[in-house]
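This report is an introduction for a reader who is meeting the structure for the first time. Please keep the sequence and the model in view while reading, and locate each residue as it is named.

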Amino acid sequence: MSLRGLAAAALACALLTGCAQSVDPIERLGEKAAQRVRPHGPTGTPRRPYRRWGLTAPLPPAPKPSRATRARTAGKGLPPVVSRIRTHDKVVFLTYDDGAEKDPRFVDLVRELRLPVSMFLTDSVAGPGYGHFARLRSVGASIQNHTLDHPALRGLSYARQRAEICGQQDRLGSRFGSRPRLFRPPYGTYDTTTRRAAADCGIAALVLWRVSMTAGGELTYRRGAHRLRPGDIVALDPDEDSGLTLKERTVRLLRRVQEAGLTVGRLEDYV
Ligand SMILES: [Zn+2]
């Protein structure tokens, strides 16, 4: 066949549906990603899970952070307070608070897309359903501290703050076999006493956020640029009466992450 003939055949091939040669590159990328995932996933994992969740391409794996990109620790022995990570890596971090919603489809999403999400759990909210969070942990989520009872800590006594933080360290440690390193103060409010108590409970950093996704699925920014940037920590507010599940809001967020040319990193690798 002449070169011109080959080109014509390729064009015809591209125009016809079902032609074996016309697999689009994203589809092939997805297959490779799925092959890498398969040994880890259970049987029955779809070949191209990203398509099932409505994404246009698999999320690329997060780069390994260099030491220089890690959050700096504050002086005086107090843990740093972090609301975004200083990094040029094209990553954002997904964080979830309280632990009210226990949707098995969210576990499926985390497993199939291998999302390194961080769950900040409050004992009085999440406690009755720790089994759900054990499943999330077994598919790659990390479990972090968000107090026993969710009080606003600023202004409370050292003893009270310590009881809230250390109490949840003990609870999560005995339930999951390891004590959290990260702590998110309820409502993002804290004082120096909070940092002292957190340090005494073995906490390495207080984690706040720059971006949050509301219950209705909109992104809001506490300060700085009104767009997703590398190193952003995104908090998904606890669900209210929005009609959107945690899974649906996460998928919506992932599309925004993908549109921004970013992927999801593991917060614990950077803090
Ligand atoms: Zn909370």
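This is a predicted model: local features need pLDDT of at least 70, side-chain atom pairs count only at pLDDT 80 or more; totals for chains, interfaces and linings use all residues.

## Asp98 and the zinc ion

Asp98 is one of the protein donors of the zinc ion, to which it contributes an OD atom, while His146 and His150 each contribute NE2. These donors lie 2.0 to 2.1 Å from the zinc ion, and along the chain they follow the spacing D-x47-H-x3-H.

Which parts of the chain hold Asp98 and His150? Asp98 belongs to strand E2, which covers residues 91-98, whereas His150 is found in the loop between strand E4 (142-145) and helix H7 (158-176). The pair therefore links distant parts of the chain, 52 residues apart. His150, with a relative accessibility of 18%, also counts as buried, because the limit for that term is under 20% relative accessible area.

## The protein as a whole

The protein has 271 residues, of which 49% count as buried, and its secondary structure comes to 10 helices and 10 strands. Among the contacts in the protein with a separation of 6 or more, 70% are accounted for by residues 24 or more positions apart. The accessible surface of the protein comes to about 13,600 Å², and 52% of that surface belongs to carbon and sulfur atoms.

## Aromatic rings and charges

A search of the whole structure finds three aromatic pairs. One of them is formed by Phe93 and Tyr270, whose ring centres are 5.0 Å apart and whose planes stand at 65° to each other, an arrangement that is edge-to-face. Phe93 is in strand E2 and Tyr270 is in helix H10 (residues 267-270), 177 residues apart, and the pair links these distant parts of the chain. Are the two residues buried or exposed? Phe93 is buried, with a relative accessible area of 0%, and Tyr270 is likewise buried, with a value of 1%.

The charged end of Arg184 sits over the ring of Phe120, at 4.7 Å from the ring centre, and Arg175 lies over the face of Phe176, where the distance to the ring centre is 5.5 Å.

## The disulfide

The structure holds one disulfide, formed by Cys166 and Cys201, whose sulfur atoms are 2.0 Å apart. The link of Cys166 and Cys201 is left-handed, with -100° about the S-S bond. A disulfide is a covalent bond between the sulfur atoms of two cysteines. Cys166 is buried, with a relative accessible area of 12%, and Cys201 is buried as well, with a relative accessible area of 4%.

Leaving aside its neighbours within four places in sequence, Leu172 is in contact with several residues, among them Leu121, Tyr130, Ile143, Asn145 and Pro180. Gln144 is another of these contacts, and the C-alpha atoms of Leu172 and Gln144 are 8.2 Å apart in space, although the two residues are 28 residues apart in sequence.

Ser212 lies in strand E7, which spans residues 211-213, and Ser212 is buried, with a relative accessible area of 8%. When its neighbours within four places in sequence are left aside, Ser212 is in contact with Glu218, Leu219, Thr220, Val234, Ala235 and Asp237.

## Pro128 in an exposed loop position

Where does Pro128 lie? Pro128 is in the loop between helix H5 (123-126) and helix H6 (130-138), and with a relative accessible area of 76% Pro128 is exposed, since that term applies over 50%. The C-alpha atoms of Pro128 and Ala100 are separated by 9.7 Å, and these two residues are 28 residues apart along the chain.

Conventions:
Residues are numbered from 1 along each chain as its sequence is written. Side-chain values use heavy atoms; hydrogens and water are left out. Donors are N, O and S atoms within 2.8 Å of the metal (3.2 Å for Na, K and Ca); water is not among the atoms, so sites may look incomplete. Helices (H or I, at least four residues) and strands (E, at least two) are DSSP runs, numbered from the N terminus. Buried means under 20% relative accessible area, exposed over 50%, partly exposed in between (1.4 Å probe, protein chains only). Rings of Phe, Tyr and Trp (its six-membered ring) pair if their centres lie within 6.5 Å; planes under 30 degrees apart count as stacked, over 60 as edge-to-face and the rest as tilted. A charge sits over a ring if NZ of Lys or CZ of Arg is within 6 Å of the ring centre and within 35 degrees of the ring normal. Contact means heavy atoms within 4.5 Å. Accessible areas come from the Shrake-Rupley method with a 1.4 Å probe; for residues, only the protein chains shown count as cover. A disulfide is a pair of cysteine sulfur atoms within 2.5 Å.
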